[in-house]
Amino acid sequence: MIRVVRLLAPNPGPFTLEGTNTWIVGTGPSVVIDPGPDDPGHILAVADEAEPVAAILLTHHHPDHAPGARRLAGVIGAPVLAYAPEEHETRLAPGEVVEAGDVRLLAIHTPGHTPDHLCFMSEPDGQLFTGDTVLGRGTSVIDPPEGDMAAYMRSLESLRDLEPSVIYPGHGPVVFTPKGKLEHYLRHRARREESILEAVGRGKRTPEEIVPEVYAGEAAEAMYPVAARSVLAHLLKLEREGAVARTGRHRDERFVLVQTKACARCGRAAAPGSRFCRRCGLAALQEAPPPGTPATSE
Ligand SMILES: [Zn+2]
Ligand SMILES: [Zn+2]
């Protein structure tokens, strides 16, 4: 197994837990993942531990992960690779493998927390570096418009399907039960979505109205504004899926349940904007009308 060392950046906080985990993968040369904030002491400690360094990888550009990269690159002379490179950085495309000595890190695009988020999987042993997509403790922040709940849940599914052996997160402790963790994350979001839909069904119309219903006893009231962003992310996903609709504009936005009609063929709930459920809609498309019959509506 490849050598993995963590250096904890000195930026503890409600969203960064004990601080950002900077990961040093392999030796002679190593690869550094997420140098963290531009903290000279931390960056020098990383350089000390990691040299020689072949590359610096960024999971995403949030201020708790990326700003130290430039200083580190200056100290050790290694390139900075990212999905959406900024000045002095190089593009790392999904599916590319960063190779250095005995290190092989596959870049996996995992949008959701941010559109540009990458995770890195070490080959062949399957250690997964997840940045802010999966944390060692608690859940990741999905804050629209940067955060996208539908993309996030697809990313979690694709990480689960990769069957990682261990998760090295951007914050919090190492996760030695990655399958359980990813399934827990998926279940948690699915349940949350379910209870948000129920709250909308009971007449709650805005994230602020929904939060106390859904988070009561689970989050401190001081965290409600943050929870409201997460509820909004779920509502926007549900809107795209046709389960809720938005009325009003901007500050006066409200969400309502979309009343689904019964499928004209089987009686189950019809797909949004269609007379049929999804399955019958497909079947109807595939049934060619008998020759010579004029097109009719049933
Ligand atoms: Zn982040
Ligand atoms: Zn972070």
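**Figure 1. A salt bridge joins Asp143 and Arg229 through their side chains, at 2.7 Å from N to O.** A salt bridge here is a side-chain nitrogen of Lys or Arg within 4 Å of a carboxyl oxygen of Asp or Glu. Please keep in mind that this is a predicted model, where local features need pLDDT of at least 70, side-chain atom pairs count only at pLDDT 80 or more, and totals for chains, interfaces and linings use all residues. Residues are numbered from 1 along each chain as its sequence is written, ligands are numbered from 1 in the order in which they are written, and side-chain values use heavy atoms, without hydrogens and water.

Figure 2. Between the two domains, 2 salt bridges are counted. Contact (heavy atoms within 4.5 Å) involves 11 residues of domain 1 and 14 residues of domain 2.

**Figure 3. Asp132 bridges the zinc ion (ligand 2) and the zinc ion (ligand 1), which are 3.7 Å apart.** Donors are N, O and S atoms within 2.8 Å of the metal (3.2 Å for Na, K and Ca); water is not among the atoms, so sites may look incomplete. Both His65 and His171 are buried, that is, under 20% relative accessible area (1.4 Å probe, protein chains only).

**Figure 4. Gly203 follows helix H4 and has a positive phi, near 100°.** Helices are DSSP runs (H or I, at least four residues), numbered from the N terminus. Among the buried residues of H4 are Leu182, Tyr185 and Ile196.

Terms used. Buried means under 20% relative accessible area, exposed over 50%, partly exposed in between (1.4 Å probe, protein chains only). Helices (H or I, at least four residues) and strands (E, at least two) are DSSP runs, numbered from the N terminus.
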